[in-house]
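Please look over the sequence and the structure below before reading on. The briefing that follows takes up helix pairs and a sheet, topic by topic.

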Amino acid sequence: MSMSMSGLNRRRQAPPQAFESTPATLPDDPEDIRAKSKKDEAGEGKYTLLSCLACAQHCRVDLTGFSWVNAQGTLGRGGQGVVAQTRASLDTVFAFKRRRPPGQGRSARDHAFREICSEIMALGHEDLRRHENIVQLIAISWEIENVTDWKFKRDVVIWPVMILEKAELGDLGHFLRGKGVETELATRLRICAGIASALAVVHRNGIIHGDIKPGNALVFAGGVVKLSDFGFSALASDKLFDLGGTYPWRAPELTFLDGATHEEAKLTDLYSFGMLCLWVIFRNKLAKMGEEAIPPSPVRRSSSSLLGGLSSALSRFSTGRSSTVAPASPDLEHLKLSNTPDKLTNKMPELARDLVEGLLMEGLPKDKVRDLRELFARLLSFTPSSRTSQDTATDFGQISQSLLDISSNDETKPIKSIDAPQKGNPPTPGAFPRAKEFQVSNSLESLCHADFRVRKHIFDCLLLQYKEAKDDDGTKAMAAVQLAFCKEVGFGAVKHSATANAYGKVGRIEAIQLQNMIDATRTRQEPFNARLRALCASGIIQPIHYGTDFRSVADPDVLEEMQKSREAEIEWMETTLGKTHPAILNLKWSLTTLLMESESQLGPIKYLHKMMQELNADPKRGPMHRDSLITRVYFCVSLDRLMDPSTAETVLAYSKKTHDILVDHELRDHVVFLQLSMQISRLLDIMGRSQESVRFFEAAEAGTYKKFGAEHANTVMLLDNKTDRLMREGKPADALANLEDISKRLDGLVDGEDTVKPYLRRKNAAIFAKAGHFKEALALVEDDMAAMRAHSVPEGHPAYLQGSMMKASMLLSLGRFEEAADSVRSVVRLLQDFPWPPPPPPPRPPGDSGGRGGGVPNSAAGSPAEELAELLGRSEIVTPGEGASDLEGLDPEGPSFNPDIFPGPPEYLVAKAVLAMALYAWAHQLTAAEIVIDEPVVALGDAAYEEAALLSRRADTILNELIQAIGKKLEGDAGIVTARATATQSDADPTEAICRTSSAVLGAMDMGFAPLVEMVAALGMRNARGGLHYDKALAAARRMKLGRIGNILAEHRLLCADGEPAADAPAMFGDAAELMDWVAGRWTGTYLYEDGGLRKDPTGRKTLTLTASPAAISARAGSGEGGDDADDGGWDADVEGTSRDDMGNWVIKGRAWVGGKIALRIFHEGGNKEEGWEYTGHANPVRRAYGGYWGMRKATREASGGTFLFCKFK
């Protein structure tokens, strides 16, 4: 589609006055008109944004905040602007006609706003809207630009953006040169008939198009051609029109005509249509003639051709005219030679005659050739008055019918005109609206879809209009009324009733009248446009899609200011309008989008919860009203921020309950239903209940494809679900390929600032790391950090700190220890002064559940479970017995995570540990000449040893500080925590309790110190460098006489750190029977996270009940018939069983070898084996223990999720 805005320097047209259903009555003498026009020019009104809004209200054109996506490309670009495209749904793609703001000066802006007004009034006209051959104006959105004037003063420029239907096949020019090059004659004639029918309606309503050409005719599916781009249009007026147009389509008289009357302007449209019609029918022949350089007519040019050529050149390049020149091509070059402004050299009638006569040779009947020849002779007459003898609207209607008749093969049944002229068409009521006629109250709800800067700018425009108006001018009174409304409501300005009263006196409006204006806004305003109305009703366009302009803001201070401005605006407006006014709801929903993408953990949750309470309490709505249910779904999605093992079952139950309510209230076809279904699917997936997850996912997938089609960001992101499944199945290469496919497809669908981009970068990096592709993972992490720096994200931002830690981890894995130390050192520096324990949140006022502004907390005051209970009420909380099956003997009042167990900020402690590891590894590298980036390091002699010694001393200092701090917690509170552990185990099997207390790791876990145990275990750094890191940590613990830490390190090293024995290792058991007897029974233990993780039960207690049976003969023989695990070699026993932990019941399938290797696949009872966790380790018969590492299927030790340890107690 080409919504051409190709650099036209359009000339000023007369200001539109009023639509007429019949031609305006004008004086007979054009010179009288010219004199009157110049006399009245000084009194002409100014055109502003308010003028455009007045036109939109007059024509009932919707105002919306729906915006475009730059990544989806442009349809046209020129000096005056660009036409962007964005897909809204499967069958709806919008074209956004964005005008580039003009240069400095009121005159330039006035001219630009005039053109926008003209196009709104033309395309917004009721008759034009109904015509199938005129492009439809859907709505008006906004372009917001920050500009700096010549005095370096910053300002915000607001421009209306016209949202139009997009043509699937582009403009007519490109279509007939490309896909439609072989279009048959009859179809070309019908195309021309459709355009003529559209022009009949246009002229009947007093409108002049002014720029008829192939680029302004759009081709839609089914071959329907629609007239577009009415920015050149002129409306009935008693003033002169400075018409522009595009060469060679424009009428020749426009070169010398100093302004045209309305009647003269109509005749130029006839000529341009004749040029277009000739080109459409004979495009291929014209191109051939142009390529062969055949003169346009056999008649010899006269000696005056030089003058004609000069005139033609002047018409093309004169800076005083607004005409433009169409791009060069053989067909157009040939038309340019023929359509000159000199009567002696203009050969258009002759060219048309010759081309039409050629149709006789193609079999067109003589009478039709005759009719077509006569039509072109009239339309392309050099003398304007010869082009028609009647009203042009009637003429265009007859032309349309004539072209249809010519195209028809059935002479007895002529085709009916698409839009035959109608008589008695009622005149359009009202005059062309002026800026002063715009009323804020009539568009209050829709204007609250826009960014807050639009509302502020509208208020500023009203204020300027008020100040510039004369005291005795009606404009001042009308502006005062609007300002009174704005100040009373708080629209675009601080609410101030006293100021509103003052403006009301100037506008002579009583308080009761102002209140009536306010009350009239309380009824929801549905969109006027049927297509937009359907998109909003189905949820394809939702209020949360509005106001996303903050994504393009780089400065955090500006973002904070935007949030504060929106919060303040809502506070002002709801004081007068109420908390559930339609306009207020739009503002609140829009604000939640900003909050959801902010750092605030509880901000969006509390905000949406408060909205739910307000809607439920509204007697006109209640909890089952559509607005209430939509808000409830948004609230469910926001609860993801409180998700952890302790809240998962409650969040899932509440989401499922909401899902059922949507079904009962017939909202299954609404997009929020799909959003909620995906949310539930994801929750179930995280909890390991993959079979149930698939059911919800398939429902969401089917609905998403139905509404959005395959090429939409919403649909493409569904593939992300496949990524997770492939990773759980142990197919990282396939997962990466899938994720890369998603990224590529999204490049043309979402903009760079969209939140999905960093999400995919980070997920890609994590998957690369799990697959052992650390170089690729590092590149993605660095890209993500570069993007954050480009958006001025500070180094102390949580996302940036996380990126620095990920970068350090990747560098450690790559052996680039110096860089790893540098990366993590910045994190240590930024976090070392972080207050700990964190200060308690300020007390809330009575009845406050976390309001807006300063009242929106950034983080939970209590645990996620406590916050959720406060929000939902205790009755909605799922207890252990109702949800995931709890472990026998687990005391709900037992150990729980408490910030007090940490000696400092957890992130800071981890960063110090990583820094110590990096320094030790760096020192080791200098002296051992390890391999770095595939090349050996050259030995550095004594200097290397000196530097290594210095690095080791620095690492010793950091490690000593860390172990000492952790030791104070693990050792100092031993008496208290041991008592709690005893209470926790009071109902457990006594044998199990003894087994756990005899283990240093399990005993400390049962005390509630799981995060510290994981931190201590991580100090061993997976036994790298021959156990160097374990040695250093053990030595430090023993030196400081920290027995518990030393025992944890020793036990973890013995049972979890060593690699599992090879399948063909020497037998640890005498035979398979001894192996099976050892494996079978009950085991108790735990799993440790490598990089930290959340638990429902802080002890991390997990039990296994195992049975073993002889492996099949093929398995023992290693025949390779073992399916996906055939590469493990022959195993000696098949293992089955069940497991229980804080997340529910699990199923176990696995294998064991007499050499001591044991590999178990543990998956949720609602899941499947292929997606389970894999526990790979080795037996320790002496300790009756089994330990190793766990992770996704086929994960290596380096890419594992952590380690595990189980002890047999029965």
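Helix α29 (residues 756–770) and helix α30 (residues 774–790) pack at an angle of about 160 degrees, and their axes lie 7 Å apart. That angle makes α29 roughly antiparallel to α30, where angles under 35 degrees count as roughly parallel, over 145 as roughly antiparallel, 65 to 115 as roughly perpendicular and the rest as oblique. The model is predicted, so that local features need pLDDT of at least 70 and side-chain atom pairs count only at pLDDT 80 or more, while totals for chains, interfaces and linings use all residues. Residues are numbered from 1 along each chain as its sequence is written, and side-chain values use heavy atoms, with hydrogens and water left out.

**How the terms are used**

- Helices (H or I, at least four residues) and strands (E, at least two) are DSSP runs, numbered from the N terminus.
- Axes are lines fitted to C-alpha atoms, for helices over the stretch in contact, and angles run from 0 to 180 degrees between N-to-C directions.

**The pair α29 and α30**

- The crossing of α29 and α30 is left-handed, a word used if the near helix is turned anticlockwise from the far one by less than a right angle, whereas clockwise is right-handed.
- The contact (heavy atoms within 4.5 Å) involves residues of α29 including Pro 758, Arg 761 and Phe 768, and residues of α30 including Phe 774, Leu 780 and Met 788.
- By class, the contact of α29 with α30 has 10 nonpolar, 1 polar and 5 charged residues, where Ala, Val, Leu, Ile, Met, Phe, Trp, Tyr, Cys and Pro count as nonpolar, Asp, Glu, Lys and Arg as charged, and the others, Gly among them, as polar.

**The pair α6 and α12**

- The axes of helix α6 (residues 185–204) and helix α12 (residues 392–407) come within 8 Å and cross at roughly 165 degrees.
- That makes α6 roughly antiparallel to α12, and α6 passes α12 in a left-handed crossing.
- The residues in the contact of α6 with α12 divide into 13 nonpolar, 6 polar and 2 charged.

**The barrel and its helix**

- In the order β15-β16-β17-β18-β19-β20-β21-β22, 8 strands close into a barrel with antiparallel pairing, where two strands pair if DSSP finds at least two bridges between them.
- Neighbouring strands of this sheet are turned by 30 degrees against each other on average, direction ignored.
- Helix α42 (residues 1072–1079) packs on the sheet, and its direction makes about 155 degrees with that of β16 (1101–1110).

- In strand β19 (residues 1157–1164), 8 of its 8 residues are buried, meaning under 20% relative accessible area, with exposed over 50% and partly exposed in between (1.4 Å probe, protein chains only).
- In a regular strand the side chains alternate between the two faces of the sheet.
- Lys 1157, Ala 1159, Arg 1161 and Phe 1163 point one way from β19, while Ile 1158, Leu 1160, Ile 1162 and His 1164 point the other way.
- Strand β18 (residues 1144–1152) and β19 pair in the antiparallel sense over 7 bridges, with Arg 1151 opposite Ala 1159 in β19.
- The hairpin of β18 and β19 has 4 residues between the strands, and in this hairpin Gly 1156 takes a positive phi near 110 degrees.
- β19 is joined by 6 bridges to strand β20 (residues 1173–1180), in which Tyr 1175 stands opposite Leu 1160.
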